[in-house]
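Have the structure open while you read.

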Amino acid sequence: SVAASGLSSPVVVTRVMDPKLMELNGRGYLNGHTPFSAYLAFLGLTVAAIYGNEYVIVSNERSANEGNVMYRGLEVNHQYSKSYRFEESFRSYAADAFYEPASYFSFLRPLNDVQIGLLFASFPQYFGSFRSCNVGSKKNIWCGKCPKCAFTYLALSPFVPQATLVRIFGSDYFRDENILTHIRALVGLTPVKPFECVGTRDEAKLALLLVINKCKDEAREIPEGLLAIKSDLQIMDDDLVLLERTVLEEWGDTANLPPEHLTILRHYWEKQLAEYRKKV
């Protein structure tokens, strides 16, 4: 992805894992959860201090604010270290702990995952280099079986041509029972949203409806699994209007974006949304 971006002289940071951890991992022990986005925040601030950078810019989306489950009266959020709540806490910590720290913020905070999917569809040069799959990360592949693969495929499907999706992911995921089971959880048909970095339940519902409508518009067969999920959700085509307004068109809190960054994002978002509207 760095090569595709055209960046000629990136700063590369490496880390060393405890060999014992890798040994246990090789014997089948599962990885514990690492709040990786928090790790990157501290690392980014350190690198910025060394190089004298003004900003530490990440790309955490608004969707990360939604938790996975309520447990004993508390919301449990797998993506806490990507949330706006963490961002605010980290900025406060940095202001107290560092002398004139770089400004840490998320460039994509006003947008949710489905909106980012619409934007990403306009950057085909990255289609061959991006990944959002923990299971396949060691082999640099899409595993095609996990919730992250399911959500990424679902979120991009309304905006990327079907043939291109199959080239990216290797197959049509909507024909896979494992993927359909994950989509049922993603849209809220189970009590717990998958403990992965995925979008909100409403985003998954909207993407589902958009995909079904896209199949109709293109005179393609609608996958039976998607129709079954729509039926179980008991949502109608009229619900699409509300979801488009609250998910696809809603501009979130501008949060900590400097004005110049906000202008860039807002301009490109409005341009891409207008172009999408012309197509549908």
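Predicted model: local features only at pLDDT ≥ 70, side-chain atom pairs only at ≥ 80, totals over all residues.

Residues are numbered from 1 along each chain as its sequence is written, and side-chain values use heavy atoms, with hydrogens and water left out.

**Around serine 37**
- Serine 37 belongs to helix α3 (residues 36-51); helices (H or I, at least four residues) and strands (E, at least two) are DSSP runs, numbered from the N terminus.
- With 15% relative accessibility, serine 37 counts as buried (under 20% relative accessible area, with exposed over 50% and partly exposed in between; 1.4 Å probe, protein chains only).
- Beyond its neighbours within four places in sequence, serine 37 is in contact with Asn60, Ser81, Lys82 and Tyr104 (heavy atoms within 4.5 Å).

**Aromatic rings**
- The whole structure holds 20 aromatic pairs (rings of Phe, Tyr and Trp, the last by its six-membered ring, with centres within 6.5 Å; planes under 30 degrees apart are stacked, over 60 edge-to-face, the rest tilted).
- Phenylalanine 90 and tyrosine 104 form an edge-to-face pair, 4.9 Å centre to centre with 70° between the planes.
- Phenylalanine 90 is buried at 3% relative accessible area, and tyrosine 104 is buried at 2%.

**Charges over rings**
- The charged end of arginine 15 sits over tyrosine 39's ring, 5.3 Å from its centre (NZ of Lys or CZ of Arg within 6 Å of the ring centre and within 35 degrees of the ring normal).
- Arginine 266 lies over the face of tryptophan 251, 4.4 Å from the ring centre.
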